[in-house]
Amino acid sequence: MTKYMPYSFDGLAPISRRSVSALAVWGVASMLAPAIARAAPLRAARNVVLVHGLFADGSSWSDVIPLLQAAHLNVVSVQNPLTTLADAVAETRTVLARQDGPTVLVGHSFSGMIVSEAGVDPVVSALVYVSARAPDAGEDYAALAKRFPAPPASAGIVFDGDEGRLSEDAFLRDFASDLPTTRARALYAVQQPFHKALLTGRTTQAAWRSKPSFYAVSTEDRTIDPDLERYMAKRMRARTIEIKAGHLSLISHPREIADLIMEACGQQ
């Protein structure tokens with residue numbers, strides 16, 4: 001079930017009681033922050049670039065891609081190297097450089113940071129965040145996240161030297177929480193480990209301050225706290241939908257995610 005929020009780019013999202021005190025602190029801080037520029041008018045786009053996050057690879061968009069292609073959109077899924085933020089942004093910029101005309105840039109989970117950084121490219125017409133991080137320029141995302149309850153998945157990260165990954169239990173229970181077990185186990189089998197250095201990167205740009213932005217909140221998310229997602233969506237004044245889904249809404253609810261992306265392309 002998808003819940004369309006009763007607001008557009010400058011509206012307010014509902015906030016649960018457990019985050020009221022944290023948001024009160026940020027309310028004061030936001031008065032001191034730079035004002036968000038009015039987003040440029042939405043441009044029609046025929047290109048979509050998708051970026052995956054941690055514990056996944058580019059195939060995580062496989063359920064969304066055919067729906068976008070059926071709408072006559074040119075779609076490319078970036079293979080995020082998961083080494084450093086700079087490497088991931090560079091790979092995304094390489095893909096953006098191949099696009100001919102306005103392009104909607106879409107990020108899931110960690111790759112919201114990549115979207116925020118690379119999205120300032122003039123070819124990018126709009127941004128779509130799917131249960132994604134959306135830091136401000138130079139912001140410490142880890143410090144921001146600590147103001148909300150720790151999501152269960154964070155306790156399931158294990159390291160082998162420099163590489164991190166989710167344990168099988170955490171992957172099935174928290175990351176792929178609303179997927180059939182057989183599908184979740186197949187995704188676990190292709191999980192890509194990330195390098196510790198990736199988590200130390202900070203964005204230097206916040207493309208959502210000047211580009212039309214869209215956000216899909218997963219209300220049952222166990223990897224990023226849903227109220228943190230709502231806070232970030234509200235802060236960027238995003239066109240926001242809420243989906244009763246776990247972290248992998250792009251797999252469990254591909255139609256809703258595809259529809260939001262098409263809206264960002266100016267098709268709806």
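Let's start with Ser-154, which sits in the loop between helix H5, residues 141–145, and strand S6. Please keep in mind as we go that this is a predicted model. Ser-154 is partly exposed, with a relative accessible area of 41%. Its side chain reaches back to the backbone oxygen of Pro-151, at 2.7 Å. Now look across to Leu-166: Ser-154 and Leu-166 are twelve residues apart in sequence, and their C-alpha atoms are 8.5 Å apart in space.

Which strands make it up, and in what order? It is an open sheet of three strands, ordered S6-S7-S8, with antiparallel pairing. S6, at 157–160, and S8, at 194–195, are the edge strands, each pairing on one side only. As a quick reminder, strands of a sheet pair through backbone hydrogen bonds, either parallel or antiparallel. Between S7 and S8, which run antiparallel, there are two bridges.

Next to consider is helix H6, residues 168–175. Its buried residues are Ala-170, Phe-171, Asp-174 and Phe-175. Looking down the axis of H6, those buried residues fall within an arc of 105 degrees, so they line one face of the helix. And what does that set of residues pack against? The partners of the buried residues of H6 are strand S7, at 163–166, and helix H7, at 181–189.

Let me step back for the overall picture. The protein chain has ten helices and ten strands. Of its 268 residues, 54% are buried. The accessible surface comes to about 11500 Å², and 55% of that belongs to carbon and sulfur atoms.

Now to Asn-47, in strand S2, which covers residues 47–51. Is Asn-47 buried or exposed? It counts as buried, because its relative accessibility is 5%, and the cut-off is under 20%. So what do we find around this side chain? There is a polar contact of 3.1 Å between the side chains of Asn-47 and Asn-74. A polar atom of the Asn-47 side chain also lies 3.4 Å from the backbone oxygen of Gly-101. Setting aside neighbours within four places in sequence, the contacts of Asn-47 include Gln-99, Asp-100, Pro-102, Thr-103 and Val-104.

His-72 has a positive phi of about 65 degrees although it is not a glycine. You'll find His-72 in the loop between helix H2, at 65–70, and strand S3, at 74–78. With a relative accessibility of 65%, His-72 counts as exposed. The other is Ser-109, again not a glycine, with a positive phi of about 60 degrees. Ser-109 is in the loop between strand S4, at 103–108, and helix H4, at 112–118. In contrast to the exposed His-72, Ser-109 is buried, with a relative accessible area of 6%.

My last stop is helix H10, residues 254–264. This helix is mostly covered too, with ten of its eleven residues buried. Among the buried residues are Pro-254, Ile-257, Leu-260, Ile-261 and Met-262, along with the acidic Glu-256, Asp-259 and Glu-263. Just after H10, Gly-266 takes a positive phi of about 85 degrees.

That's my tour, and I'm happy to go back to any of these spots on the screen.

Notes
Residues numbered from 1 in each chain as written. Predicted model: local features only at pLDDT ≥ 70, side-chain atom pairs only at ≥ 80, totals over all residues. Heavy atoms only, no water. Helix = DSSP H or I, 4+ residues; strand = E, 2+ residues; numbered from the N terminus. Buried < 20%, exposed > 50% of the residue type's maximum accessible area, 1.4 Å probe, protein only. Areas by Shrake-Rupley, 256 points an atom, 1.4 Å probe, with all protein chains shown as cover. Polar contact = N/O pair within 3.5 Å; in protein donor to acceptor, adjacent residues only side chain to side chain. Contact = heavy atoms within 4.5 Å. Arc of directions from axis to C-beta. Pairing = 2+ DSSP bridges.
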